[in-house]
Amino acid sequence: LAVLLIGASMWNVGGFRQYVDEQGNIDFDSPRLVALEDLVNAQPLVPGLVTSESCIDPRTLKVVTGVPVAFYNLGLAWPDKKAEIDALIEATNAGVLDVELMRAAGVSYLVTDTGCPTQWYPGGNYGAAQLSSIEYPTDQGIQRLELWRIL
């Protein structure tokens, strides 16, 4: 029985290692992530969640900035507005900019990136005001992160 358990554990460790290798490493010193941290943490934020375009991983956004993000891990505690956050995550993953869903989910801030294929611009009639922006270099040229306050 002990040999069987050890064998099963070894298989599980191998699967985990393969998963980790496939995910790759996050370079927290990359120009984009350094700019993301600087953008969000440059000024005090009012209470509320932060969200972003779909090309910015919400887990990375949380780790880099340390602010509350409109995302949760299914294996951990769920947020108060789970249904609203689920609807927002679904819309974001589909590339849809929906400020009303952001408001319903308790989002106060949105981060956009000119390097994202969705090219969200929540200004104008969407009810968001740009607070700040910061540029960062890429292989394709200079890109810009923008922080928006959801009104």
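Trainee: What kind of crossing does helix 2 make as it passes helix 3?

Mentor: In this predicted model, helix 2 passes helix 3 in a right-handed crossing.

Trainee: Which residues meet where helix 2 touches helix 3?

Mentor: Leu33, Leu36, Glu37, Val40 and Asn41 in helix 2 meet Thr60, Leu61, Val64 and Thr65 in helix 3. By class, five residues of this contact are nonpolar, three are polar and one is charged.

Trainee: Now to the charged pairs. What makes Arg32 and Asp113 a salt bridge?

Mentor: Their closest N and O atoms are 2.8 Å apart. The cut-off for a salt bridge is within 4 Å, so the pair of Arg32 and Asp113 qualifies. Arg32 sits in helix 2 and Asp113 in strand 2, 81 residues apart.

Trainee: How do you know whether Asp113 is buried or exposed?

Mentor: Asp113 has 2% relative accessibility. Buried means under 20%, so Asp113 counts as buried.

Trainee: And why is Arg32 called partly exposed?

Mentor: Arg32 has 25% relative accessibility.

Trainee: What makes Glu100 count as exposed?

Mentor: Exposed means over 50%, and Glu100 is at 53% relative accessibility, so Glu100 counts as exposed. Glu100 forms a salt bridge with Arg103, and both lie in helix 5, three residues apart.

Notes:
Residues are numbered from 1 along each chain as its sequence is written. This is a predicted model: local features need pLDDT of at least 70, side-chain atom pairs count only at pLDDT 80 or more; totals for chains, interfaces and linings use all residues. Side-chain values use heavy atoms; hydrogens and water are left out. A crossing is left-handed if the near helix is turned anticlockwise from the far one by less than a right angle, and right-handed if clockwise. Helices (H or I, at least four residues) and strands (E, at least two) are DSSP runs, numbered from the N terminus. Contact means heavy atoms within 4.5 Å. Ala, Val, Leu, Ile, Met, Phe, Trp, Tyr, Cys and Pro count as nonpolar, Asp, Glu, Lys and Arg as charged, and the others, Gly among them, as polar. A salt bridge is a side-chain nitrogen of Lys or Arg within 4 Å of a carboxyl oxygen of Asp or Glu. Buried means under 20% relative accessible area, exposed over 50%, partly exposed in between (1.4 Å probe, protein chains only).
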